[in-house]
Amino acid sequence: MEMNTAILLAGGKSRRMGFDKRFIEIENKTMVDFQIERLYKAFQRILLITDDRRLFSGCSCEVIEDEFKDIGVLGGLYTGLKNSYTIYNYVLACDMPSINYNYIEYMKELLREAPKEYDGLVTRYGEWIEPFNAFYHKNLIHPLKDAIEDGHKRISFVLKKCDVLYVDERTARSFSPDWRMFTNLNSEDDLKKYLQKKD
């Protein structure tokens, strides 16, 4: 089963950070370059989805501009899945630098052993879901487009209508007890905490 593509969403506005966090430096690399380098350890193809591909002209992976801009996750996910060659695709946000390879392999194994092809493999946080650090099937392309055209912006709206396999919080915490693998760097304080306890 094909699962060798990672989609990195980098089209956000960084409103809470106060500056463009896509270019924060981690180990003398921009956060996006840092993530791409690490994702290549687990995936053969990386698709960087952004609102302006000119910002990443020197990027080491394929850069694709959002087909639907300024609508958040749905637009980036739609564009990524539409341009992917693989059935299942790992999806990560550009402000999530903590990549847990063991959990990625665990999710891949769940999909390989599943009795059928699911539309996605997503982790729950209590009653909520974690839309990133997840796998999505190309089957979602049409539901995503329909939701976008109907004016919806939440991935949860799409997923509740689809056949999704969920990992419960307890299981996920066995891989990441402090939930670090789902941490977003939304503020300067988040960045400081990450750098103090970097992977």
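Analyst: The following questions and answers set values against definitions. The model is predicted, so local features are described only at pLDDT of at least 70 and side-chain atom pairs count only at pLDDT 80 or more, while totals for chains, interfaces and linings use all residues. Residues are numbered from 1 along each chain as its sequence is written, and side-chain values use heavy atoms, with hydrogens and water left out.

User: Which residues is aspartate 119 in contact with, leaving aside its neighbours within four places in sequence?

Analyst: Contact means heavy atoms within 4.5 Å. On that basis aspartate 119 is in contact with Tyr136, His137, Asn139, Leu140, Cys162 and Asp163. The C-alpha atoms of aspartate 119 and aspartate 163 are 5.4 Å apart, although 44 residues separate the two in sequence.

User: How do aspartate 70 and tryptophan 179 stand against the accessibility limits?

Analyst: Aspartate 70 has a relative accessible area of 58% and is therefore exposed. Tryptophan 179, at 8% relative accessibility, counts as buried. Aspartate 70 lies in the loop between β5 and α2, and tryptophan 179 lies in the loop between α6 (169-173) and α7 (188-196).

User: What is noted about phi in aspartate 70 and in tryptophan 179?

Analyst: Phi of aspartate 70 is positive, near 60°, in a residue other than glycine. Tryptophan 179 is not a glycine either, and its phi is positive at about 65°.

User: Why is helix α1 described as largely enclosed by the rest of the structure?

Analyst: Helix α1 (residues 31-39) has nine residues, and seven of them are buried, so the description applies. The buried residues are Met31, Val32, Phe34, Gln35, Ile36, Arg38 and Leu39.

User: What makes β4 largely enclosed?

Analyst: Six of the six residues of β4 are buried, so the strand is largely enclosed by the rest of the structure. Arg45, Leu47 and Ile49 point one way from β4, whereas Ile46, Leu48 and Thr50 point the other way.

User: What is the strand order of the open sheet?

Analyst: The seven strands follow the order β5-β4-β1-β6-β8-β7-β9, with mixed pairing. β5 (62-65) and β9 (164-167) are the edge strands, since each pairs on one side only. β7 and β9 pair in the parallel sense over four bridges, and valine 122 has tyrosine 166 in β9 as its bridge partner.

User: How is the packing of α2 with α4 described, and at what angle do their axes cross?

Analyst: Axes are lines fitted to C-alpha atoms, for helices over the stretch in contact, and angles run from 0 to 180 degrees between N-to-C directions. The axes of α2 (residues 73-82) and α4 (residues 141-149) come within 9 Å and cross at roughly 145°. Leu74, Gly75, Leu77, Tyr78, Leu81 and Lys82 in α2 meet Ile141, Leu144, Lys145, Ala147 and Ile148 in α4. These contact residues divide into eight nonpolar, one polar and two charged; Ala, Val, Leu, Ile, Met, Phe, Trp, Tyr, Cys and Pro count as nonpolar, Asp, Glu, Lys and Arg as charged, and the others, Gly among them, as polar.

User: What makes a set of residues a nonpolar core?

Analyst: A nonpolar core is a set of buried Ala, Val, Leu, Ile, Met, Phe, Trp, Tyr and Cys residues joined through side-chain atoms within 4.5 Å. The largest has 60 residues, and Leu144 is among those that touch the most other members. Apart from that core lies another of seven residues, including Ile24, Phe34, Leu185 and Tyr194.

Conventions: Helix = DSSP H or I, 4+ residues; strand = E, 2+ residues; numbered from the N terminus. Buried < 20%, exposed > 50% of the residue type's maximum accessible area, 1.4 Å probe, protein only. Pairing = 2+ DSSP bridges.
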